[in-house]
Amino acid sequence: MNIIMHDNSIFSPEKINLLDCKIIKAEVEMSENFDVNKVAGYQLDNSLQLGFNLEDKLAKADFSINIQSDSNGGNEIEASACFHLIFIYRVENLEELAIPDKNNILNVNPALANALSSVTYSTSRGILITRLQGTALQNFILPIINPNNLLRSKK
């Protein structure tokens, strides 16, 4: 089903409940003699996909993150990590915020999409901080971004 965002004032963040967070994949790869002090930065690739179950008033956020250290040649092999996280939300008034049209295109309230993206991304930041401790990527923190940027390529 395709998704288009629409706007109106019926959105209320208090009507969203995070029901579940599943770590589908959490993988860190690094060499034995990787030197964290030689890391100059990180390369990041992530994607967010939203899905909706209108009947059960559920929203699903499927978030994938790939991280690679950038040591400017200071480490023979760069460290990398791959995470896949699933978040399940119940939205009390989802029928008012995600409305299918006659062409089976789901019109989603942009405030709802922004809220789901924001909570997913910021919760993922906390998960990564804890999961990367004691690894070659221990100094990586998922950067603060405009959560709408995660949604733009997914319309």
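Reader: Which residues does Leu-112 touch, not counting residues up to four places away in sequence?
Author: Leu-112 touches Phe-11, Ile-16, Phe-52, Val-91, Leu-94 and Leu-97, with neighbours up to four places away left out. Contact here means heavy atoms within 4.5 Å. A word on the ground rules: this is a predicted model, where local features need pLDDT of at least 70, side-chain atom pairs count only at pLDDT 80 or more, and totals for chains, interfaces and linings use all residues. Residues are numbered from 1 along each chain as its sequence is written, and side-chain values use heavy atoms, with hydrogens and water left out.

Reader: What makes a set of residues a nonpolar core, and how many residues does the largest one have?
Author: The term covers buried Ala, Val, Leu, Ile, Met, Phe, Trp, Tyr and Cys residues joined through side-chain atoms within 4.5 Å. Buried means under 20% relative accessible area, exposed over 50%, and partly exposed in between (1.4 Å probe, protein chains only). The largest core here has 39 residues, and Phe-52 and Leu-112 have the most contacts inside it. Two or more residues each come from strands S3 (41–53), S4 (58–70), S5 (80–91) and S7 (105–108), and from helices H1 (94–97), H2 (110–132) and H3 (148–152). The largest share, eight residues, comes from H2. As for those labels, helices (H or I, at least four residues) and strands (E, at least two) are DSSP runs, numbered from the N terminus.

Reader: Why are Tyr-42 and Phe-140 called an edge-to-face pair?
Author: Rings of Phe, Tyr and Trp (its six-membered ring) pair if their centres lie within 6.5 Å; planes under 30 degrees apart count as stacked, over 60 as edge-to-face and the rest as tilted. Tyr-42 and Phe-140 sit 5.2 Å centre to centre with 75° between the planes, so they pass on both counts. Tyr-42 lies in strand S3 and Phe-140 in the loop between H2 and H3, so the pair ties together parts 98 residues apart in sequence.

Reader: How do you know whether Tyr-42 is buried or partly exposed, and what about Phe-140?
Author: Tyr-42 has a relative accessible area of 28%, so the label is partly exposed. Phe-140 is at 5%, so that one is buried.

Reader: What makes Phe-63 and Tyr-121 an aromatic pair?
Author: Their centres are 5.8 Å apart and their planes 70° apart, so this pair is edge-to-face by the cut-offs above. Phe-63 is in strand S4 and Tyr-121 in helix H2, 58 residues apart. Both Phe-63 and Tyr-121 are buried. A search of the whole structure finds two aromatic pairs.

Reader: What caps the N-terminal end of H2, and what follows H2?
Author: Asn-109 does the capping, with a side-chain oxygen 2.7 Å from the backbone nitrogen of Ala-111. After H2 comes Gly-134, whose phi is positive, near 80°.

Reader: Which label does Gly-126 get, buried or partly exposed?
Author: Gly-126 is in helix H2, and at 33% relative accessibility it counts as partly exposed.

Reader: Why do S2 and S5 count as paired strands?
Author: Two strands pair if DSSP finds at least two bridges between them. Strand S2 (residues 16–29) and S5 have twelve bridges, in the antiparallel sense, so they qualify. Asn-17 stands opposite Arg-90 in S5. S4 and S5 also pair in the antiparallel sense, over eleven bridges, and the partner of Ser-64 in S5 is His-84.

Reader: What makes Asn-93 buried and Asn-66 partly exposed?
Author: Asn-93, in the loop between S5 and H1, is at 3% relative accessibility, so it counts as buried. Asn-93 touches Ile-10 and Lys-15, not counting residues up to four places away in sequence. Asn-66, in strand S4, has 34%, so it is partly exposed.

How values were computed:
A polar contact is a pair of N or O atoms within 3.5 Å; within protein, one must be able to donate a hydrogen and the other to accept it, and residues adjacent in sequence count only if both atoms are side-chain atoms.
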